Amino acid sequence: MTDTTTMTHAPLLIFAGPVECLERECEEYATEDGHDDPGVERCSHIRVEEVCAGCSTQTDDGEFVAVVAWPCRTADAGGAK
Ligand SMILES: [Zn+2]
Ligand SMILES: [Zn+2]
């Protein structure tokens with residue numbers, strides 16, 4: 001029987017920043033003539049954070065309400081290599 005209450009402690013990348021930046025609406029995504037620039041993957045306002053998927057809490061909307069940086073204490077203690 002599988003214990004589904006045990007969270008997997010693993011690194012997870014999340015993107016944090018202003019909504020307009022996450023939605024590609026900030027000026028850094030636009031070319032000089034105002035079009036969306038497909039060459040810009042992420043603007044400089046967005047932070048990429050590595051967090052523990054097991055320790056961090058995410059709402060049903062996909063919003064992180066509490067994050068624990070990777071590696072977390074559990075992983076540090078030998079739970080993951
Ligand atoms: Zn931006
Ligand atoms: Zn963890």
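Reply: Let's start with V67, which sits in the loop between β4 and α2. Before going further, a word on the ground rules: this is a predicted model, where local features need pLDDT of at least 70, side-chain atom pairs count only at pLDDT 80 or more, and totals for chains, interfaces and linings use all residues. Residues are numbered from 1 along each chain as its sequence is written, while chains are lettered from A and ligands numbered from 1 in the order in which they are written.

Back to V67. It counts as partly exposed because it has 17 C-beta neighbours inside 10 Å. (A residue is buried with 20 or more other C-beta atoms within 10 Å of its own, exposed with 12 or fewer, and partly exposed in between; the C-beta atoms are placed from the backbone.) Setting aside neighbours within four places in sequence, V67 is in contact with I14, E49, V51 and S56. Contact here means that the two C-beta atoms, placed from the backbone, lie within 7 Å. I14 is 53 residues away from V67 along the chain, yet their C-alpha atoms are separated by 9.6 Å.

Stay in that loop for a moment and look at P71, which is also found between β4 (64–66) and α2 (73–79). The peptide bond leading from W70 to P71 is cis, with omega near 0 degrees. Most peptide bonds are trans, and most residues other than glycine have a negative phi.

Now hop to C55, in the loop between β2 (47–52) and β3 (57–58). C55 has 19 C-beta neighbours inside 10 Å, so it counts as partly exposed. Once neighbours within four places in sequence are left aside, C55 is in contact with H9, V68 and C72. Take H9 as an example: 46 residues separate it from C55 in sequence, but C-alpha to C-alpha they are 7.0 Å apart.

Next comes the loop between α1 (19–22) and β2, where you'll find R24. Its phi is near 60 degrees, a positive value in a residue other than glycine. R24 is partly exposed because 16 other C-beta atoms lie within 10 Å. D36 is found in the loop between α1 and β2 too, and it touches R24, Y29 and A30, not counting residues up to four places away in sequence. D36 counts as exposed because it has 11 C-beta neighbours inside 10 Å. R42 and E28 are 14 residues apart in sequence and 8.5 Å apart, C-alpha to C-alpha.

Zooming out, the protein has two helices and four strands, running β-α-β-β-β-α from the N terminus on. Those are DSSP runs numbered from the N terminus: helices are H or I with at least four residues, strands are E with at least two. Of the 81 residues, 7% are buried. Among contacts between residues at least 6 apart in sequence, 49% join residues at least 24 apart.

As for confidence, the average pLDDT (the predictor's confidence in each residue, from 0 to 100) is 87, and 88% of the residues score at least 70. Among the elements, α1 has the highest mean pLDDT at 95, while α2 has the lowest at 77.
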